[in-house]
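Biologist: I would like to learn how to read charges and cores in a model like this one. Could we go through it together?

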Amino acid sequence: MDRNRIKKLAGDPRFISGIHNYCDRWCERCPLTHRCLNYLLSEEEFADPETRDLENEKFWEKLGEVLSDTVEMLHEMAEEAGIDLDAVDATESLKERKNRRKIAENRPAVRSARAYGKMVNQWFDMANILLKEKETELLEKARLELPNIDPAGEAADITDATEIIRWYQYQIYVKLMRAFQGKEDEAEDPEFWKEFPKDSDGSAKVSLIGIDRSIAAWDRLRGHFPEQESELLNILRHLDRLRKKVEKEFPEARSFIRPGLDNPEEYGEGEA
Ligand code: SF4
């Protein structure tokens, strides 16, 4: 990792500053990879397929290397800004972090998001046979080449809805945790945060986007599995209640502008 090059790239207008802070990390589906420095660096650093495999030692070696370079870079930046990192009481701030984490974990919305993650696993475990039966049914329909039906399209729709649900399954919780912890941090200096968009709102927005997309995906599955109506409605009701809780806790979240993703035209891009 060439630290000087990174510093230079960070000032390159090609990249949208902070874009990766409020995205959903689904780079394969991101329309702005070419504007994201984080994406470029990850692709470069983890170009070797072995470094992308969590089971492989090279992945952990690479991760350690990147982390240690990042820490060094942070120290350099702090020094340039005249901040003495050694003066920070690490034990105290770690204790405070843990405390805030505990408080966040017990928020009703966070508990509900955690419960949702489990509900998803329970449904997929239970629906395993159902999904296999659906696969057999669609293969049979494709073989018969029946008119006016589209088994390939149906299979693609189920796969896509499933991928969306799985992608956001835990992210909703993770982003909500960050939102609530951020809210605590911001409460320490409300005057300062009056001037800036709040990180907690940005994180809550990402969580809300995950909830919205998951609701739409579950609704699509309802169409494919009418025999699961009651189970799927139960999940949808849970997500809807969660959405309302998050909106109540973070009333400004929906209007938070995520750099690049919510205002692509300001960066000369089409709709993100
Ligand atoms: S902004 Fe897009 S490319 Fe960058 S990390 Fe997020 S999803 Fe990936």
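Biologist: Is Asp212 buried, partly exposed or exposed?

Modeller: Asp212 is partly exposed, with a relative accessible area of 23%. Buried means under 20% relative accessible area, exposed over 50%, and partly exposed in between (1.4 Å probe, protein chains only). The areas come from the Shrake-Rupley method with a 1.4 Å probe, and for residues only the protein chains shown count as cover. Before we go on, this is a predicted model, where local features need pLDDT of at least 70, side-chain atom pairs count only at pLDDT 80 or more, and totals for chains, interfaces and linings use all residues. Residues are numbered from 1 along each chain as its sequence is written, and side-chain values use heavy atoms, with hydrogens and water left out.

Biologist: Which residue meets Asp212 in a salt bridge?

Modeller: Side chains of opposite charge can pair when their charged atoms come close. The criterion here is a side-chain nitrogen of Lys or Arg within 4 Å of a carboxyl oxygen of Asp or Glu. Asp212 pairs with Arg254 at 2.6 Å, N to O. Asp212 sits in helix 10 and Arg254 in the segment after helix 11, 42 residues apart. Helices are DSSP runs (H or I, at least four residues), numbered from the N terminus. Arg254 is partly exposed at 36% relative accessibility. Shared partners join Asp212, Asp240, Arg243, Lys244, Glu247 and Arg254 into one network of salt bridges.

Biologist: How many salt bridges does the structure hold?

Modeller: The structure holds 30 salt bridges. One of them is between Asp24 and Arg213, at 3.3 Å, N to O. That pair links distant parts of the chain, 189 residues apart: Asp24 is in the loop between helix 1 (3-10) and helix 2 (37-45), and Arg213 is in helix 10 (residues 199-224). Asp24 counts as buried at 15%, while Arg213 counts as partly exposed at 40%.

Biologist: Which residue does Glu188 meet in a salt bridge, and at what N to O distance?

Modeller: Glu188 meets Arg100 at 2.4 Å. Glu188 lies in the loop between helix 8 (171-187) and helix 9 (190-194) and Arg100 in helix 4 (residues 90-105), so the pair ties together parts 88 residues apart in sequence. Glu188 is exposed at 58%, whereas Arg100 is buried at 7%.

Biologist: Where is the positive surface patch, and which residues form it?

Modeller: Patches take residues with over 30% relative accessible area and no salt bridge, joining like charges within 9 Å. Lys and Arg count as positive, and the charge is placed at NZ of Lys or CZ of Arg. Here the patch is formed by Arg111, Arg114, Lys118, Arg237, Arg241 and Lys245. Helix 5 (108-126) and helix 11 (229-249) each supply at least two of its residues. Lys245, in helix 11, is partly exposed at 33%.

Biologist: And which residues touch the most other members of the largest nonpolar core?

Modeller: In soluble globular proteins, nonpolar side chains tend to be buried together. A nonpolar core is a set of buried Ala, Val, Leu, Ile, Met, Phe, Trp, Tyr and Cys residues joined through side-chain atoms within 4.5 Å. Of the 40 residues in the largest one, Trp123, Leu176, Trp218, Leu221, Leu242 and Val246 touch the most other members. Elements giving two or more residues to this core are helix 5, helix 6 (128-144), helix 7 (151-168), helix 8, helix 10 and helix 11. Helix 5 gives the largest share, 8 residues.

Note on methods
Patches are made of residues with over 30% relative accessible area and no salt bridge: like charges are joined within 9 Å, nonpolar side chains (Val, Leu, Ile, Met, Phe, Trp, Tyr) within 5 Å.
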